[in-house]
Amino acid sequence: MFTIITGAQFGDEGKGKIVDMMAEQYDIVARFQGGDNAGHTVVADGKTYKLHLVPSGVLFDSRLLIGPGTVMNPEILMKELSMLADNGVKVTPAKLGIDAKTSIIMPYHIALDTLRESKRAVKIGTTNRGIGFAYIDKVGRDEIQMADIADKKRFVKRLEEIAPQKENAIKEMGGDPNIVRSKIDEYIETGRKLKPYITDVSREINLALKDEKKVLAEGAQGTHLDIIHGTQKFVTSSSTVAGSACAGLGVGPTKVDNVIGVIKAYITRVGEGPLPTEQKNDVGEHLREKGGEFGTTTGRPRRCGWFDLPLAKKSINLNGYTGFALTKLDVLGRLPMLKICTGYELDGKIIDYPPESSDDLARCKPVYTEVKGWDEDISGVETLDGLPDNAKEYIELLEKLMEVHIEYISVGPGRKQTFIK
Ligand code: GDP
Ligand code: IMO
Ligand code: MG
């Protein structure tokens with residue numbers, strides 16, 4: 001069985017929590033795109049793990065894979081592995097595999113990301129992790145791959161070939177070109193340590209599926225940050241939609257069984273770009289404070305707003321969801337009235353689907369349906385029937401509007417605070 005999980009909004013929907021919850025049932029959990037711009041939180045047994053690269057199934061026995069469609073900073077991976085080891089979670093090569101073709105994030109990618117962002121008149125608000133520039137090199141065929149850093153000679157030769165153009169680019173942007181060759185020894189040392197982890201991810205997954213094993217693909221970022229279909233230019237540099245799992249892991253689309261969208265009961269966004277239902281008021285403050293809406297990777301406050309149905313409809317089309325995991329329902333508690341954006345007003349017309357251009361989306365005025373909130377604390381509720389009537393009605397309305405089944409409901413960050421609807 002092959003299940004794909006993606007974020008249905010702008011990231012931070014709670015993918016880490018949902019993947020952890022499902023991982024026990026899966027033999028393999030694999031990351032297929034993005035890099036350490038991702039920050040996936042898993043709360044288990046009183047501990048909080050903030051994972052950037054290691055798949056969120058790490059606390060179970062599943063095999064973990066980092067696919068060739070990702071971009072990987074080896075320094076960050078090593079830190080993460082030692083953080084896990086400090087918490088008693090040993091991630092050996094028998095547990096984690098990294099594809100030989102995984103793109104490596106080099107110090108110059110981070111420098112270029114920072115320099116470019118500082119020069120942008122209209123900022124994107126990137127995570128400054130070098131993601132965009134690593135993907136530029138992948139597409140430009142100037143990447144360094146996992147297998148390269150694991151082979152000293154090959155790495156040095158490859159870097160020699162690439163370094164001059166990177167030095168020029170950094171110099172031109174007013175940066176220090178010495179960064180390009182600054183960490184060669186560290187990369188060689190890390191490459192040596194990571195060599196035993198190298199694998200062929202596509203082969204492993206296809207063999208597992210042939211053996212009727214269960215594979216879970218863990219998306220990073222969110223649908224509307226997709227490089228092709230997202231709110232350009234305020235997007236990340238990889239494809240975040242479900243189809244990307246097939247391309248990124250090397251699994252044919254005929255093998256996909258389920259596609260689960262993780263979606264918050266409201267919406268958030270970190271960084272710049274349109275967010276039509278954003279609430280820069282007490283409601284936004286309530287969501288941010290109660291929902292702990294601060295970036296897992298950068299600590300930046302997340303922008304918060306009401307649930308946006310047009311964006312959800314687009315997500316459903318882009319991913320082909322077979323079901324949803326609705327998260328953070330508890331956060332809506334104590335708001336007397338809740339709003340769901342069912343459409344937008346744009347240039348005097350009412351539309352029920354996002355316009356293609358980000359400029360147009362930014363001009364959209366939300367049209368809301370109001371529903372009554374609830375006062376009860378629902379973070380301990382374990383069944384649908386245990387929810388206050390107004391919370392049940394809110395879920396049912398969302399399901400009716402989205403026309404996709406909500407399979408899981410999450411009412412808190414902990415593993416046990418989820419139930420099947
Ligand atoms: P991801 O990037 O999609 O994995 O999401 P993040 O981990 O960046 O952000 C989600 C945050 O919400 C984390 O701090 C989670 O622990 C927390 N969280 C997840 N589900 C729930 C929930 O149902 N209720 C509450 N209150 N917090 C949740
Ligand atoms: P997870 O996996 C939320 C946002 C950044 C910025 C834009 C581009 O935790 O959901 P980048 O560094 O990727 O070039 O930045 O994308 N962004 C995220 N927002 N969650 C994420 O990951 C994100 N990863 C990138 O804030 O707006
Ligand atoms: Mg996150």
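Helices (H or I, at least four residues) and strands (E, at least two) are DSSP runs, numbered from the N terminus. This is a predicted model: local features need pLDDT of at least 70, side-chain atom pairs count only at pLDDT 80 or more, and totals for chains, interfaces and linings use all residues. Residues are numbered from 1 along each chain as its sequence is written, chains are lettered from A and ligands numbered from 1 in the order in which they are written, and side-chain values use heavy atoms, with hydrogens and water left out.

**Domains**

- The protein is divided into domain 1 (2-100 + 197-259), domain 2 (103-193) and domain 3 (264-319 + 326-420). These bounds come from an automatic or database domain assignment.
- The centres of domain 1 and domain 3, taken over C-alpha atoms, are 24 Å apart.

**Where domain 1 meets domain 3**

- Contact means heavy atoms within 4.5 Å. By that rule, 36 residues of domain 1 touch 30 residues of domain 3.
- The size of an interface is often given as the accessible area lost when the parts come together. Here the buried area is about 2600 Å², and carbon and sulfur atoms give 55% of it. Buried area is the accessible area (1.4 Å probe) that two parts lose on being put together, summed over both.
- Two salt bridges cross this interface. A salt bridge is a side-chain nitrogen of Lys or Arg within 4 Å of a carboxyl oxygen of Asp or Glu.
- Between the two domains, 26 residue pairs are in polar contact (both at pLDDT 80 or more). A polar contact is a pair of N or O atoms within 3.5 Å; within protein, one must be able to donate a hydrogen and the other to accept it, and residues adjacent in sequence count only if both atoms are side-chain atoms.
- On the side of domain 1 that touches domain 3, helix H1 (15-23) and strand E3 (40-44) are the elements that give two or more residues. H1 gives the largest share, five residues.

**Nonpolar cores**

- A nonpolar core is a set of buried Ala, Val, Leu, Ile, Met, Phe, Trp, Tyr and Cys residues joined through side-chain atoms within 4.5 Å. Buried means under 20% relative accessible area, exposed over 50%, partly exposed in between (1.4 Å probe, protein chains only).
- The largest core has 55 residues, and Leu329, Leu332, Tyr394 and Met402 have the most contacts inside it. Helix H13 (residues 389-402) gives the most to this core, with five residues.
- Domain 1 and domain 3 both give residues to this core, so it lies between them.
- Another core, of 52 residues, lies apart from it and includes Leu53 and Ile260.

**Helix H4**

- The buried residues of helix H4 (residues 131-139) are Ile131, Gly132, Phe133, Ala134, Tyr135 and Asp137.
- They pack against strand E6 (71-72), helix H3 (107-119) and helix H6 (152-172).
- Just after H4, Arg141 takes a positive phi of about 60°.

- Most residues other than glycine have a negative phi, and most peptide bonds are trans.
- A cis peptide bond joins Gln232 and Lys233, with omega about -5°. Lys233 lies in the loop between strand E10 (215-218) and helix H9 (243-249).
- Arg334 has a positive phi, near 80°. Its loop runs between strand E15 (323-327) and strand E16 (337-346). Arg334 counts as exposed because its relative accessibility is 57%.
- Asp347 also has a positive phi, near 50°. Asp347 sits in the loop between E16 and strand E17 (349-351), and is exposed at 60% relative accessible area.
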